[in-house]
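Please read it alongside the sequence and the structure shown below.

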Amino acid sequence: MQLKSLEIFGFKSFADRTKFVFDQGITGIVGPNGCGKSNIVDSIRWVLGEQKTRTLRSDKMENIIFNGTKHRRKSNVAEVSLTFENTRNILPTEYSTVTITRRLYRSGESEYLINGVVCRLKDIHNLFMDTGVSSDSYAIIELKMVDEILNNKNNERMRFFEEAAGISKYKVRKRQTLKRLNDTDADLERVEDLLFEIEKNLKSLEKQARRTQRYFELKEQYKAISSQYAFLSMKSIREKQHQIEYLEQDYQDQLRGLQTEVAQREARMQELRKELLDNEKNLSEAQYDLNKHIRKIQSVETEKSIKNERLKYLQQRELAIQNQMENERRQLQRNEAEVAELKSKQKLVLEELHLQQEQEQQMKARLEEVKAAHAEQQRLTKELEVDFRETEQQT
């Protein structure tokens, strides 16, 4: 396994995307103080999963993101990618080249990737376990760590030897196994407590079970009785529905008869109105003739007063005119009698029309009552059908 490249973007002082390629012959990175050599080491620790900000020489994790300068704006993400050559299959994966990536956003979100696939930090630890490559392994040692190894502080020397010997992963597995065993013992103790509680409440549960069984028996009986009752109720409802349909048909027949009678009466009323209009026209003509004769009489009387010298001739003419006037008066009397008769007929026609209108209103009111009764019956039928369906669903 060989380190091939390191790519840094937005991590501490690396504002631009920078890639370090470790070809054959490269044994170190040198430069003046403040050029970023330590930041390269910190980036390697960070991409390998370092979580301690003190080790990364920072107060909080957000500070590792490039914070900007006077002439450059700050970055919103820090990203580091580390690529290894795995031709000897030291890493437990089928890939010959393995690239691990870690990103941290200013919002606090972070993600780990192996060959571009999102993974967990645990997956990266398991991948590099016992390979000598990790954030706190002997492969990455700074000056103060050398002092800790020489002084054997916190038994650091033993930890490095175990990692170099390849037994650290077995110790990790041992700790995990012991933890699972302890958890299992705790679960067993809890199971014993539960068994004690179950035995304690067993009699009460048996009593409740008998009550439940009795409840289900009564429930089945209730379902059977309810089904029978619903069947009988539905049968009665259907018989009533048939009766209602028969009455409705009868009412419909009566309604059609009443509508026919109303139509006939309306036709008769139209005829009477036409006859009344004709009589009014005749009366108007008779009145016109009467006025005409009156004007003639006035003209004759005027001529009589003017033409005294023709008295002889006019006396004869006067007699004839008087006879004619007598005839016209008689005709006028006859016309007045006809007018009175027409007025009497008009009064009778209006009374008959008023009577027909009252009958029509009564028939319409009766029709509305029939319709309301029919609608109420349909509503009751629908409610009974809904009750029946609910009863069937419950059964």
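The model is predicted, so local features need pLDDT of at least 70 and side-chain atom pairs count only at pLDDT 80 or more, whereas totals for chains, interfaces and linings use all residues. Residues are numbered from 1 along each chain as its sequence is written, and side-chain values use heavy atoms, with hydrogens and water left out.

- Helices (H or I, at least four residues) and strands (E, at least two) are DSSP runs, numbered from the N terminus.
- In H1, eight of the 11 residues are buried, among them Ile40, Ile44 and Trp46. Buried means under 20% relative accessible area, exposed over 50%, and partly exposed in between (1.4 Å probe, protein chains only).

**Arg102**

- Arg102, in strand S4, is buried yet has no salt bridge; the nearest side chain of opposite charge, Glu50, is 7.6 Å away. A salt bridge is a side-chain nitrogen of Lys or Arg within 4 Å of a carboxyl oxygen of Asp or Glu; Lys and Arg count as positive and Asp and Glu as negative, while His and the chain ends are not counted.
- A polar atom of the Arg102 side chain lies 2.7 Å from the backbone oxygen of Trp46.
- The side chains of Arg102 and Tyr112 make a polar contact at 3.1 Å (a pair of N or O atoms within 3.5 Å; within protein, one must be able to donate a hydrogen and the other to accept it, and residues adjacent in sequence count only if both atoms are side-chain atoms).

**Positive phi values**

- Lys12, in the loop between S1 and strand S2 (18-21), has a positive phi near 50 degrees although Lys12 is a residue other than glycine. With 14% relative accessibility, Lys12 counts as buried.
- Arg57 is partly exposed, at 48% relative accessible area.
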